[in-house]
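Here is my note for you, written as a set of numbered points. Keep the model open beside the text and look up each residue as you read.

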Amino acid sequence: MKFNHKLLMTAFGIGMFSFPGLHAADGVEVNHLGTNNTLVRVKGEGKYLILPIQETFEDDAKINVLVDGKLEETIYARLAKTKTDYTVPYDISKYAGKNLVLDIVTPQGRNSVRDAADDVCWEGMIISDTFDTTNTETKYRPAYHHTPLYGWMNDPNGMFYKDGVWHLYYQKNPYGSKWQNMTWGHSTSTDLINWEHLPDAIKPDGLGAIFSGSAVVDHNNTAGYGEDAVIALFTSAGTSQMQSFAHSNDDGLTFEVYPGNPIITLDTEARDPNMFWNEKTGEWNLILAHALEKEMLIFTSPDLKNWTLQSAFGKNLGAQEGVWECPDLFELQIPGTDKTKWVLISNINPGGPFGGSAVQYFIGDFDGKTFVSDTNPDGTVPTKWLDYGKDNYALVSWSNAPDNRRTTVGWMSNWQYAADVPTMQFRSANTLPRDLQLFTSPEGELYVASVPSPELDKLRGKVIDKASDKNIGNHVSNYKLPADGICEIDLTFEATNADVVTFTLSNNKGEKVVMKYDAKNRTMSFDRRESGIVDFNQKFPAITVSPTFENSGKVNLRVFVDRSSIELFGNNGQFVMTNLVFPNEPYTTLSMESKNGDARLQDLKVYEVKL
């Protein structure tokens, strides 16, 4: 006999009984124990238990997963109360033949057990052999950027290259589209454009959630797990933050967590270990973000497990408004010479040039133990930004990249509004890949250029519109973009006789992005205040401005437009702005004009993107 649990609770009173035998669906038994505690017994067989999620809740339900009476893991999810926004899968196949119980504590206030039983999540929990990951958000899911199949994504981490494959791990929430349950998601690519989604690689354990870290190919078997074993270091984030170790003998598909974790503990918060083999010193280096102290710690090791603290860098240097996170340290050649410099990346949140999170860097020298930054003529250490947009954060590089390349990718969002952007099946994308190179400004200062990686050239399809050797006057010249707005724009202009040159992307609704080159101040600005949907967070509408690091008035722009992002690379990546946009319909027109004199458009091509 199947009971109506709502009628039972009405008959027997409020909050006094557990109601066994009440089925949300075949194979799922729901027992309400109190106003905020429910047991879900999984008795059926299948691959997934489907969990209904409602994002409007501010608090997560705590779900203790009990297997044969023992606590297996704890996850957190915003279980649906009044409506289901989307669903997420919980893998139950590994518990086949065992007694599986979910002990769920819901934080939302309830007046009675009856009220708790009314939550729509209980009826929506079903067992399924499949979970549909078909894209339901074609309006804003990028066409040629990496995104998670579903759920939340933030920092890229653990990136390495091996046997022709680029491995990208990332901070992931498998149980919702907001930050929680930090896990290493995993995708691979052979061309940095098309990505294959693989099973999650490292999951939370008894030491806490799995925060950012790095991975290397241990060519010389220094750690003792075999030649070319993949070694990962990451932050275990429980009550405190500590650094942990794992290894893989199947090219990073699965990892075995080291039973002696943690391998590094400090008395203050530190995270995001980034390690590399130092050929000059014959040992491993590790740079660790001493987050709240706003500095980086540098370690050495012979075997990737035993680390010695050698020095610290950054106290009272650079941008200091926010915490320092996601470090990187690498050597680049000075163009036209046989000399090199070291670059130290320090992602910071908040404190970016236009609010929220951003990527700062320092150029200097490193002897294997100590990093010393170059200084200005007055002895101060300059603050330098890798990207002058609002939406490039947690940028780090691939280990072991071919041809001595320093190839990077960032998280294309900003902590100010990342959880509020108008998507729900997934949240966040990665930037396009960029290869980092040094360049010298006209004033003789060294900077880092973010050059679009050469693999991106393969995206170029047919030319939609073009122009050459043409004046950009006070009148407006219009050029066509593809109907879906997805394109690359490559243009070169010279503005020696004009004060301002304006480039506008627009659609039929009057939504627009305005990019202006200021010849007098040698800056490029990007205005997204009228770009489409901008009211989901008051920090989103913004104008960003970048120096152009030139004094000739001649500028080349490569502008990559996707469904919800625009990445502008100037003069071979010497200045970059990465910004999200959410137009209600695609931008289909590029307009140009100049003021106070004519500029000359030397060349323009609008490329369709090959998908």
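**Notes on the model**

1. Six strands make an open sheet in the order 32-43-34-39-40-41, and their pairing is antiparallel. Strand 32 and strand 41 (575–580) are the edge strands, each with a single partner, so one side of each has no neighbour in the sheet. Averaged over the sheet and ignoring direction, neighbouring strands are turned by 10° against each other. That angle is taken between axes, which are lines fitted to C-alpha atoms (for helices over the stretch in contact), with angles running from 0 to 180 degrees between N-to-C directions. Strands here are DSSP runs of E with at least two residues, while helices are runs of H or I with at least four residues, and the numbering starts from the N terminus. Two strands pair if DSSP finds at least two bridges between them.

2. Before going on, a word on the source. This is a predicted model, in which local features need pLDDT of at least 70 and side-chain atom pairs count only at pLDDT 80 or more, while totals for chains, interfaces and linings use all residues. Residues are numbered from 1 along each chain as its sequence is written, and side-chain values use heavy atoms, with hydrogens and water left out.

3. Move on to strand 39 (residues 554–562), which pairs with strand 34 in the antiparallel sense over eight bridges. Across this pairing, Ile489 stands opposite Val559. In a regular strand, side chains alternate between the two faces of the sheet.

4. Stay in strand 39 and find Arg558. Is Arg558 buried or exposed? With a relative accessible area of 14%, Arg558 is buried (buried means under 20%, exposed over 50% and partly exposed in between, using a 1.4 Å probe and protein chains only). The side chains of Arg558 and Asp457 are joined by a polar contact of 3.2 Å. A polar contact is a pair of N or O atoms within 3.5 Å; within protein, one must be able to donate a hydrogen and the other to accept it, and residues adjacent in sequence count only if both atoms are side-chain atoms. Leaving aside neighbours within four places in sequence, the contacts of Arg558 (heavy atoms within 4.5 Å) include Glu488, Ile489 and Asp490.

5. Next, the aromatic rings. How many aromatic pairs does the structure hold? There are 35 aromatic pairs. Rings of Phe, Tyr and Trp (its six-membered ring) pair if their centres lie within 6.5 Å; planes under 30 degrees apart count as stacked, over 60 as edge-to-face and the rest as tilted. Trp195 and Trp398 have ring centres 6.5 Å apart and planes at 10°, so this pair is stacked. Trp195 lies in the loop between strand 12 (183–189) and strand 13 (196–202), and Trp398 in the loop between strand 27 (393–397) and strand 28 (407–411), so the pair ties together parts 203 residues apart in sequence. Trp398 is buried, at 1% relative accessibility.

6. Compare another pair. The rings of Phe276 and Trp342 have centres 5.9 Å apart and planes at 40°, so the pair is tilted. Phe276 lies in strand 18 and Trp342 in strand 23 (residues 340–349), so parts 66 residues apart in sequence are tied together. Both Phe276 and Trp342 are buried.

7. Finally, look at some loops. The peptide bond from Asn261 to Pro262 is cis, with omega near 0°, and Pro262 lies in the loop between strand 17 (256–257) and strand 18. Asn316 has a positive phi near 65° although Asn316 is a residue other than glycine. Where is Asn316 found? Its place is the loop between strand 21 (308–313) and strand 22 (323–333), and Asn316 is exposed, with a relative accessible area of 65%.
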